[in-house]
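Hello,

Here is the structure for you to look over. My notes follow it.

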Amino acid sequence: MERTAKILRKTNETDITLSLSIDGEGKSNLETGVPFLSHMLDLFTKHGHFNLEVFAKGDIEIDDHHTTEDIGICLGQALREALGDKKGIKRYGNAFVPMDEALAQVVVDLSNRPHFEMKGEFPGEKVGTFDTELVHEFLWKLALEARMNLHVIVHYGRNTHHMIEAVFKALGRALDEATMIDPRVKGIPSTKGML
């Protein structure tokens with residue numbers, strides 16, 4: 001069974017085509033119009049062993065907000081669709097990733113109950129032209145649309161780029177663990193019988 005999804009989203013603010021393969025090779029093809037976000041998605045894809053294509057046109061002449069938010073929405077929808085009925089998955093994932101002086105942790109539960117928590121402050125308001133507050137926006141929309149619990153803890157760090165990079169690498173690794181098929185899991189990994 002191929003665990004893939006393709007999402008199309010067209011609004012007055014953005015036009016996005018996103019394709020995700022959960023069981024990939026860490027390959028990405030990204031044209032987001034937001035260079036820092038592309039860099040982070042490339043890291044996410046590589047460390048999660050996914051395949052991800054994103055072609056986005058957005059109103060980046062205003063700022064990166066709508067494009068970043070809508071890519072988060074599309075990625076969440078793709079993840080949820082690609083997982084299907086979630087039979088046999090591990091469901092939970094946890095990853096710590098150091099990046100030089102920074103340490104981030106991401107914990108996920110593919111529970112069908114959306115919730116997002118983020119602890120930690122970035123020292124800088126921008127990385128290049130990218131507003132660092134958009135990291136929260138992206139992750140919240142991802143969690144909401146994927147219908148997962150997503151907990152992000154930036155334990156410490158001084159360099160904002162390093163801190164955000166650690167988050168996206170940890171996100172990829174935590175989702176890789178949670179989406180893995182575990183041969184010990186029979187059916188849906190929940191006492192409820194459904195997720």
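Start with Ser21, which sits in strand β2. Bear in mind that this is a predicted model. Is Ser21 buried or exposed? Its relative accessibility is 16%. The cut-off for buried is under 20%, so Ser21 counts as buried. Leaving aside residues up to four places away in sequence, Ser21 touches Arg3, Thr4, Phe50 and Asn51.

**The sheet around β2**

Strand β2 belongs to an open sheet of 4 strands. The order is β1-β2-β4-β3, and the pairing is mixed. Which strands stand at the edges? They are β1 (4-10) and β3 (27-31). Each has a single partner strand, so one side of each is left without a neighbour in the sheet. From one strand to the next, the twist averages 0°.

Now the pairing inside this sheet. Strand β2 covers residues 14-21 and strand β4 covers residues 51-58. The two pair in the antiparallel sense, over 8 bridges. Within this pairing, Asp15 stands opposite Lys57 in β4.

Two helices lie across these strands. Helix α1 (residues 35-48) lies across β3 and β4. Its direction is at about 165° to β3. Helix α2 (residues 65-83) lies across β1, β2 and β4. Here the angle is about 35°, taken to β2.

**The sheet with β5**

Another open sheet also has 4 strands. What is their order? It reads β5-β6-β10-β7, again with mixed pairing. The edges belong to β5 (92-99) and β7 (115-119). A single partner strand is there for each, so one side of each has no neighbour in the sheet. The twist averages 10° from one strand to the next.

Strand β6 spans residues 102-109. How many bridges join β5 to β6? There are 8, and the two strands run antiparallel. Met99 stands opposite Ala102 in β6.

Helices pack here as well. Helix α4 (residues 160-179) packs on the sheet and touches β5, β6 and β10. Its direction makes about 150° with that of β5. Helix α3 (residues 133-146) lies across β7 and β10 (149-156). Helix α3 runs at about 155° to β7.

**To look at on screen**

Begin at Ser21 and its contacts, among them Phe50 and Asn51. Then follow β2 alongside β4. Finish with β5 and β6.

Best wishes

Terms used
Residues are numbered from 1 along each chain as its sequence is written. This is a predicted model: local features need pLDDT of at least 70, side-chain atom pairs count only at pLDDT 80 or more; totals for chains, interfaces and linings use all residues. Side-chain values use heavy atoms; hydrogens and water are left out. Two strands pair if DSSP finds at least two bridges between them. Axes are lines fitted to C-alpha atoms, for helices over the stretch in contact, and angles run from 0 to 180 degrees between N-to-C directions. Contact means heavy atoms within 4.5 Å. Buried means under 20% relative accessible area, exposed over 50%, partly exposed in between (1.4 Å probe, protein chains only).
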